Amino acid sequence: MARDLMFQREIKETVERAYAAIATGGGETVARRHYGDQELAEVPDGAIEWALGVGDPVRYARLQPGQVVLDVGSGGGIDTILAARRVGPQGRAIGLDVLEEMCERGRGHAAQAGVEGWTEFLRGEMEAIPLPDASVEVAISNGVLNLSARKSRALAELFRVLRPGGRICMADLTVEGELPPEVAGDQSAWAG
Amino acid sequence: MAERVFAGKLQRAGFAEVWVGGHRRFGIDQAALYPLFTPELLQVMRRTIPADHQDHVATAVIVKAHKPR
């Protein structure tokens, strides 16, 4: 058990270090793989530059004006901003990221997008979401759950903060079968 | 994490009507677009993953579910 906890901590620290170290996201090449022209026109260039997701959860989330939406692992804020545009000023978009510098980036990009009035970025972990029970109607994430060493705990937290009838819509990577041990054991693979 | 494991974790957390769709291949060339994949890791991937699997190392999916009322 103690060894498992140490390993979980090692994964968490490795992932946080990796994200803190990068100077940019995947940029327009990554963004264009996942988002349409219309969506990219809705977000500032900086948010596109910091795109690090693996899909477009907002497209599938069927967000409605007035909803409260949580973006877990919000990074530079591209999905938070897209969500904010859809829920509108009667709603609320909340980005959650473990790195304060990512939250700062998200705030800056939200201000450039003009959605800062109903958008906020909270520093926190997906395994301990700093929000009350049943306070969110839709939770989205984009390539983030895979980064958690405690995925069941993160999902339990999402369940807690969702209102009854609330929904999750997540883009992520799945892997069938085993990766070669040299890949699976490489620390930089934990963050990728 | 395999797709069925992902879906199972969601169900165990209490989520209902788990839906997985939007499948897209994710290969080494796609990984190389992300700064989080270091050149060293990409080199290891190209060396150790069989050539006929290098364009499909993982699958990007969309997962939806809801919390019962």
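I began with a helix pair in chain A: helix H6 (residues 78-87) and helix H7 (residues 100-113) pack at an angle of about 40°, and their axes lie 9 Å apart. I note here that this is a predicted model. I gave both an angle and a distance because two packed helices are described by the angle between their axes and the distance between the axes.

Next I looked up the handedness, and H6(A) passes H7(A) in a right-handed crossing.

Which residues meet there? From H6(A) I found A:Thr80, A:Ile81 and A:Ala84, and from H7(A) I found A:Gly106, A:His109, A:Ala110 and A:Ala113. Sorted by class, this contact of H6(A) with H7(A) has four nonpolar residues, three polar ones and no charged ones.

Then I turned to where the chains touch. I counted 39 residues from chain A and 36 residues from chain B in the contact. On the chain A side, at least two residues each come from helix H2 (27-34), helix H5 (57-61), helix H8 (151-161), strand S5 (162-174), helix H9 (181-184) and helix H10 (187-191). Which of these gives the most? I found that S5(A) does, with twelve residues. By class, the side of chain A that touches chain B holds 22 nonpolar, eleven polar and six charged residues.

I stayed with S5(A) to see what it pairs with in chain B. Its partner is strand S2 (residues 58-66) of chain B; the two run antiparallel and are joined by eight bridges. To place myself along the pair, I looked up A:Cys169, and it stands opposite B:Lys64 in S2(B).

Notes. Residues are numbered from 1 along each chain as its sequence is written. Chains are lettered from A and ligands numbered from 1 in the order in which they are written. This is a predicted model: local features need pLDDT of at least 70, side-chain atom pairs count only at pLDDT 80 or more; totals for chains, interfaces and linings use all residues. Two residues are in contact if their C-beta atoms, placed from the backbone, lie within 7 Å. Helices (H or I, at least four residues) and strands (E, at least two) are DSSP runs, numbered from the N terminus. Ala, Val, Leu, Ile, Met, Phe, Trp, Tyr, Cys and Pro count as nonpolar, Asp, Glu, Lys and Arg as charged, and the others, Gly among them, as polar. Two strands pair if DSSP finds at least two bridges between them. Axes are lines fitted to C-alpha atoms, for helices over the stretch in contact, and angles run from 0 to 180 degrees between N-to-C directions. A crossing is left-handed if the near helix is turned anticlockwise from the far one by less than a right angle, and right-handed if clockwise.
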